[in-house]
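Q: I am new to reading protein models and would like a close look at one part of this one. Could you walk me through the place where the two chains meet, and then point out a few local details?

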There are 2 protein chains.
Amino acid sequence: MKEIGFIGLGIMGKPMARNLLKAGYRVTVFNRTRSKAEELRADGATVADSIAEAAKCPVIVTMLPNGPDVRKVVLGSETAESADRSADNVIDYAAPGTLVIDMSSISPVVSKEIGAELAKKGIRMLDAPVSGGEPKAISGELAIMVGGDEKDFEEAKPLFDVLGSSALLVGPLGSGNTCKLTNQIIVAVNIAALSEGMVLAKKMGTDPEKVFQAIKGGLAGSSVMNAKMPMILAQDFKPGFKIDLHIKDLNNAIEAAEANGSPTPLASLVREMMKELHEDGNGQCDHSGLALYYQKLTGTLIES
Amino acid sequence: MKEIGFIGLGIMGKPMARNLLKAGYRVTVFNRTRSKAEELRADGATVADSIAEAAKCPVIVTMLPNGPDVRKVVLGSETAESADRSADNVIDYAAPGTLVIDMSSISPVVSKEIGAELAKKGIRMLDAPVSGGEPKAISGELAIMVGGDEKDFEEAKPLFDVLGSSALLVGPLGSGNTCKLTNQIIVAVNIAALSEGMVLAKKMGTDPEKVFQAIKGGLAGSSVMNAKMPMILAQDFKPGFKIDLHIKDLNNAIEAAEANGSPTPLASLVREMMKELHEDGNGQCDHSGLALYYQKLTGTLIES
């Protein structure tokens, strides 16, 4: 599988496609805004004129903003119900046996729906969302969470090894995105809980930095605390992972949960906080900016 | 300061007093249920007939269930407003210069109020709640969070070194309990977030154990995840730290927050979950039993 169609060359997709080229893959790239695809010509990419052209490769990687984008590219329409169906798509041009690897972060419900449509044509699919953001996309050290069949995962493993430092098969199709959304719920709620606890400490007249030092080694300690508390204490909310993107992930998580009868009281509450931050113009802040929500309510900065 | 009055010989207090005796302190013990005090006679304790008698020691340690108990023992009445005031108390019998070390987990608001009353009589106070539970109380490895003056902290340090593996001065009086409550908010919300994410994974058809393995090394990773996820996967909710005790801590946190204009949307929501677990008869479960709240709502067990 040295020949790959790569669709979606945004902040994440472009460095990922570049790493595949560097590793010796023949990559045919497509992007809606063609100029971004042209930039990869110098790296050895073939620039496709259409999705259909990229879809002729035996392996197709998609890296797109959200579920409707993936559905549009792969199946031709943004929703299952839409009458408006584009003829330039993957499903009508990919040969039976093709492996579609969707590395976008989307709803696992949508992953499963797309996979079911592809299966009718004998096209295989893995969902393989990543974490690590742009820096790890560039360095080829993404963490890749994969859903699908073990045989397909093994086939894709060399490609994952180029793009990431770890790739784990979590379960059947959709499990990659389920894993990512579970991760995103826990991270969002943990950042908010950290902010809620620390603003209380500050309001009570206790130095949040001292509290951080006192509790980080105990049961309250976490990667979120270690990574985000220094940012909050410095009031430095440069991303990192943006609030607007985390809202997208929580939307997908809550939609999937609703469709499956799973309650999300905490994720829903933290999504409301994030939406308010977005309304306040802080959507481009790092998600540690959840501290701003508590700071605004109390008129108190979480600092030493 | 080799002479200590020790008031409150419950699950935590008794092994703590015993460790002080072992370390060579002369300890005069008092407990409302006298039989518990008598048990320490064999360890060399002097059993006091009254709080007043124990209060004559130059250092007094209190280890009691909650703020009203500490107020009753130290000041004679459970609330600032109460007309019913016991003559058997600390404040009327302790000499000026006495150091009261309250190691109970109570509201920092109450700590400050008691400290202010004691100060009028020239009696000093530290608030020094602990974490680690009964096993660490027995082994002398508690984590001790201290609020008060640095000079008093230094004076108490040898005693803390007997009782704990770490003792940190976090800030002025009340800061020990503020630190503890911040810790308890973060822990409670993190356990609930873990449960919320993992029950969603299970409902989506993905193995929560696999999700745990995939995400524990990343930003969602935490001490809570490492300590509690194996318990949840095994459906083993033996305490550990009981839900009923965590409700007490969240009550104190939320009361203190309300008195100081600090919002607690997440802590309040998780307290509701814990209260429902209490109503269901699960108050004596470990706080990882928050998973039971989500399992009941979904009819789904978080297991492999």
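A: Here is a walk through the interface, followed by some details within the chains.

What you see is a predicted model, and its overall scores are ipTM 0.96 and pTM 0.96. For chain A the average pLDDT is 97, and 100% of the residues score at least 70.

Now to the arrangement of the two chains. If you rotate chain B by 180°, with 0.0 Å of shift along the axis, it superposes on chain A with an RMSD of 0.0 Å. The two copies are therefore related as by a two-fold rotation axis. Would you like a landmark for that axis? In chain B, look for Ser222(B), whose C-alpha is the nearest to the axis, at 1.9 Å. Both copies use the same surface, since 100% of the contact residues of chain B recur in chain A.

How many residues take part? On the chain B side there are 63 residues in contact with 63 residues of chain A. Together the chains bury an area of about 5,000 Å², and carbon and sulfur atoms give 71% of it. Three residues of chain B lose the most area to chain A, namely Met204(B), Leu219(B) and Leu266(B), and together they make up 15% of what that side buries.

Which kinds of pairing cross the interface? The rule finds zero salt bridges between chain B and chain A, whereas 14 residue pairs are in polar contact there. Several elements of chain B each supply at least two residues to the touching side, including helix H5 (108–120), strand E9 (164–171), helix H8 (175–203) and helix H12 (265–279). The largest share comes from H8(B), with 20 residues. Sorted by class, the side of chain B that touches chain A has 39 nonpolar, 19 polar and five charged residues.

Salt bridges do turn up in the model, though: over all chains the count comes to 37. In general, side chains of opposite charge can pair when their charged atoms come close. One example to find is Arg34(A) with Glu38(A), where the closest N and O atoms are 2.8 Å apart. These two residues are four apart in helix H2 (residues 34–38) of chain A, so about one helical turn separates Arg34(A) from Glu38(A).

Finally, have a look at a loop in each chain. In chain A, Gly240(A) sits in the loop between helix H10 (223–233) and helix H11 (243–259), and the peptide bond that leads from Pro239(A) to Gly240(A) is cis, with omega near 0°. Chain B also has a cis peptide bond, joining Pro239(B) and Gly240(B) with omega about 5°, and Gly240(B) is in the loop between H10 and H11 of chain B. Back in chain A, the loop between H10 and H11 also holds Gln235(A). Although Gln235(A) is not a glycine, its phi is positive, at about 50°.

Definitions and conventions: Residues numbered from 1 in each chain as written. Chains lettered and ligands numbered in written order. Predicted model: local features only at pLDDT ≥ 70, side-chain atom pairs only at ≥ 80, totals over all residues. Heavy atoms only, no water. Least-squares fit on C-alpha atoms with pLDDT ≥ 70 in both. Contact = heavy atoms within 4.5 Å. Buried area = accessible area lost by both parts, 1.4 Å probe. Salt bridge = Lys/Arg side-chain N within 4 Å of Asp/Glu carboxyl O. Polar contact = N/O pair within 3.5 Å; in protein donor to acceptor, adjacent residues only side chain to side chain. Nonpolar A, V, L, I, M, F, W, Y, C, P; charged D, E, K, R; others polar. pLDDT = per-residue confidence, 0-100.
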